[in-house]
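Here is a short briefing to read beside the model. Keep the structure open as you go and find each part in turn.

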Amino acid sequence: MERLIIKGGKQLQGEINCSGAKNSGLPILAASILIDDSVLIGNLPHLKDISTMLELLNSMGTDICFHENGDIEVDSTKIHILEARYDLVKTMRASVLVMGPLVARHGKAKISQPGGCNIGARPINFHLQGLEKMGAQIKSDNKFIYIEAKKLIPIQFEFPNVSVTGTENLMMASVFVEGKTTLKNCAKEPEVEDLANFLNSCGAKIEGAGSSVITIEGVETLKKTHWEVLFDRIEAGTYLVAGAITKGKVRINKIIPEKLKCLIISLEKMGFKIFCSKNSIEIDARQSTIKCQDFSTDPYPGFPTDMQAQLMALNCIGEGSALITEQVFENRFQHVKELRKMGANITLEKNHAVVKGVPNLVGSEVTASDLRASASLVLAGLIGKNRTKINEIHHIDRGYECIEEKLNKLGAEIIREPLA
Ligand code: UD1
């Protein structure tokens, strides 16, 4: 067990490179199950979730080779155990992403029940409804979901609500289905598009990814490719907020600013200057007066739920007040009680939080409850008077590559301390 200790009050300045997106890397790794050869994947972030997906694939029979240049070669052609184990699904819900590929390639999958998690119930009923409509037989008990399909058929399916991994699972399940599958009300997230582009580079015929209607024409096989995973827009957004909250000047390289549009608009409304070039973004907050700003989370291109906690931390020290509405997950305000320990003035009612700005936060001992909540505590710690100690940081290591190294490079003072 480890914790982070942050000495607040440093103004961040400088530039860093953004890492690859775990939410692109995870479905792309799962999609290796569909390929008739090995695939080379670059720009995968060094994160616990990525290692968990590799461990899951390996437990089913995938060969994994780490190349010196950082690329990972994945060969899932010899998969023979068609099961996502409980101990792995329990640590990472995105393990359910192997379901679509297993059914498409092997006609069978046994997936441990994912259950709820800290941020909500997170059922996978849409994934299962789609597979059932495609002709799969689905049974479940309190431990596992069993899916079997001799032959999948093309369907027209409309998601009752937008689901990122649901869209990805059904897209992957359809790649070999003879005829044309049409998915409606799909998630438009850039990571869905990255997965579709990866599959198309292997020979799949997927159109419309990135829009709400995706069509998939079945192909017989998928071949080898070399793919660079998309940048992590949530990591980039978190470091932009780090620049903003410390009234610093921070540039983030290796990104596509257009994918951060909604966050950029919110930050500009809050009073920050943002400069975008083709592959980088810079925030200059040195002269900014922070104004609190209302926002609501929504599926892409709306404001990302994965940035809600971080922008809330920034609003905590703004002028005025902000109404923050969480519309994607039902229990995504667990950072509120920890931010309050640091002096934030936040009240909660159902899925709304009202933040009244205070001049500064105070360092405290706080506990991370989930990945993005923990990022908001790090941001608050960067400005908190005195020192902030953050416990349970295994949550942050699931989604941020070398967070203290990157922030320290910008001038922060963060150490990682082992706990006895
Ligand atoms: C993905 C992201 C996660 C992000 C989320 C929303 C990955 C690995 N994770 O999670 O970081 O926070 O999108 O942007 O990409 N729902 C159902 N039934 C379903 C599926 C979803 O009711 O079958 C509900 C969920 O409970 C939630 C909402 O739909 O309230 C959106 O969830 P979804 O988009 O599926 O999130 P994930 O794909 O799990």
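A hairpin links β8 to β9 through 3 residues. The two strands run antiparallel and share 4 bridges. This is a predicted model, so treat each item below as a computed feature of that prediction.

**The sheet around the hairpin**

- β8 and β9 belong to an open sheet of 4 strands, in the order β6-β7-β9-β8. The pairing in this sheet is mixed.
- Its edge strands are β6 (83-84) and β8 (137-140), and each of them pairs on one side only.
- Which way do β6 and β7 pair? They are parallel, with 2 bridges between them. Strand β7 covers residues 108-112.
- Helix α4 (residues 99-106) lies across β6, β7 and β9 (144-148). The helix runs at about 160° to β7.
- In a regular strand, side chains alternate between the two faces of the sheet.

**The sheet with both chain-end strands β1 and β24**

- A second open sheet has 4 strands in the order β22-β23-β1-β24. Its pairing is mixed too.
- β22 (365-367) and β24 are the edge strands, each pairing on one side only.
- From one strand to the next, the twist averages 25°.
- Helix α12 (residues 371-383) packs on this sheet and touches β1, β22, β23 and β24. Its direction makes about 35° with that of β1.
- β1 (residues 2-7) and β24 (residues 414-418) run antiparallel, joined by 5 bridges. Ile 5 has Ile 415 as its bridge partner in β24.
- β1 also pairs with β23 (residues 387-391), in the antiparallel sense, over 4 bridges. At this pairing Leu 4 stands opposite Ile 390.
- β22 and β23 run parallel and are joined by 3 bridges. Thr 367 has Asn 391 of β23 as its bridge partner.

**Strands β3, β4 and β5**

- β5 (residues 72-75) pairs with β3 (residues 38-42) in the antiparallel sense, with 4 bridges. Ser 38 stands opposite Asp 75 of β5.
- β5 also runs antiparallel to β4 (residues 63-66), again with 4 bridges. The partner of Ile 64 in β5 is Val 74.
- β4 and β5 form a hairpin with 5 residues between them. In its turn, Gly 70 has a positive phi of about 100°.

**The ligand and its surroundings**

- There are 17 residues around the ligand. Asn 125, Ser 163, Thr 165, Asp 306 and Val 328 come nearest.
- By class, the shell holds 8 nonpolar, 6 polar and 3 charged residues.
- Which helix gives the most residues to the shell? It is α5, with 3 residues.
- α5 (125-133) and α6 (164-173) each supply at least two shell residues.
- Asp 306 has a polar side-chain atom 2.6 Å from an oxygen atom of the ligand.
- Ser 163 also places a polar side-chain atom by a ligand oxygen, at 2.7 Å.
- Pro 123 uses its backbone instead: a backbone N or O atom lies 3.3 Å from an oxygen atom of the ligand.
- How much of the ligand does the protein bury? Taken alone, the ligand exposes 730 Å², and the protein buries 85% of that.

**Backbone points to check**

- Most residues other than glycine have a negative phi, and most peptide bonds are trans.
- Asn 43 has a positive phi, near 65°, and is not a glycine. Find Asn 43 in the loop between β3 and α2 (48-60).
- The peptide bond from Tyr 300 to Pro 301 is cis, with omega near 10°. Pro 301 sits in the loop between β18 (295-296) and α10 (308-315).

How values were computed: Residues numbered from 1 in each chain as written. Predicted model: local features only at pLDDT ≥ 70, side-chain atom pairs only at ≥ 80, totals over all residues. Heavy atoms only, no water. Pairing = 2+ DSSP bridges. Contact = heavy atoms within 4.5 Å. Axes fitted to C-alpha atoms, helices over the stretch in contact; angles between N-to-C directions. Near = heavy atom within 4 Å. Polar contact = N/O pair within 3.5 Å; in protein donor to acceptor, adjacent residues only side chain to side chain. Areas by Shrake-Rupley, 256 points an atom, 1.4 Å probe, with all protein chains shown as cover. Nonpolar A, V, L, I, M, F, W, Y, C, P; charged D, E, K, R; others polar.
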